[in-house]
Amino acid sequence: MVRFLGIILLLFLTSCGPQSLEDYRREGRESVRALTNELRQIQTRQDLVAAAPLLKKQFNRIVDLMIAARETYESHPGMDSMGLSEEDHEYSNQLRVEIERISRIEGAEKLLAKCQEEALNRLHVHQQRILKAKNTRHR
């Protein structure tokens, strides 16, 4: 759970869009808002089980945006990184509150982690590639 919250902040820190940084940021906000709204509907473990396929898809969508944003940022060395806005902090906080709320439902924390697992693994692999590439360049 905490790992995903850190990833959400990373999304906002490195956000950029299909055409520009602002476009990716806008898509990221929309995806986080949609995920948060979906999480708000979950009140029981059974609700989470039913919503799991959609949640998995939404977590993967956020990671897709993060990877694309990072690749765009890395491929344009002169591009300025955008800082977090108050709106970004608000969306992140709303998502955090919902993830924490659902995690308190008995048996839900493991299910929620399972929904995030594929997306987190993909992001980890991507980050490792970036680090490896940077280390190779600096030798």
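**Layout and helices**

Reply: Read from the N terminus, the elements of the chain run α-α-α-α-α, where helices (H or I, at least four residues) and strands (E, at least two) are DSSP runs numbered from the N terminus. This is a predicted model, in which local features need pLDDT of at least 70 and side-chain atom pairs count only at pLDDT 80 or more, while totals for chains, interfaces and linings use all residues. Residues are numbered from 1 along each chain as its sequence is written, and side-chain values use heavy atoms, with hydrogens and water left out.

Me: How many helices and strands are there in the chain?
Reply: The chain has five helices and zero strands.

Me: And what percentage of the residues is buried?
Reply: Buried residues account for 39% of the 139 residues in the chain, with buried meaning under 20% relative accessible area, exposed over 50% and partly exposed in between (1.4 Å probe, protein chains only).

Me: Switching to α5, at what angle do α4 and α5 pack?
Reply: Helix α4 (residues 86-103) and helix α5 (residues 108-137) pack at about 130°, with their axes 7 Å apart; axes are lines fitted to C-alpha atoms, for helices over the stretch in contact, and angles run from 0 to 180 degrees between N-to-C directions. That makes α4 oblique to α5, since angles under 35 degrees count as roughly parallel, over 145 as roughly antiparallel, 65 to 115 as roughly perpendicular and the rest as oblique.

Me: Which residues make the contact?
Reply: On α4 they are I99, I102 and S103, and on α5 they are A108, E109 and L112, where contact means heavy atoms within 4.5 Å.

Me: Where does α5 bend?
Reply: α5 bends by about 45° at E117, the bend at a residue being the angle between axes fitted to the seven residues ending there and the seven starting there.

Me: What about α3, where does that one bend?
Reply: α3 bends by about 55° at A52, and a proline, P53, follows within four residues.

Me: Back to α5, which of its residues are buried?
Reply: A108, L112, C115, Q116, A119, L120, L123, H126 and I130 are buried in α5.

Me: Why does H126 count as buried?
Reply: H126 counts as buried because its relative accessibility is 9%.

Me: And what is H126 in contact with, leaving aside its neighbours within four places in sequence?
Reply: With those neighbours set aside, H126 is in contact with I67, R70 and E71.
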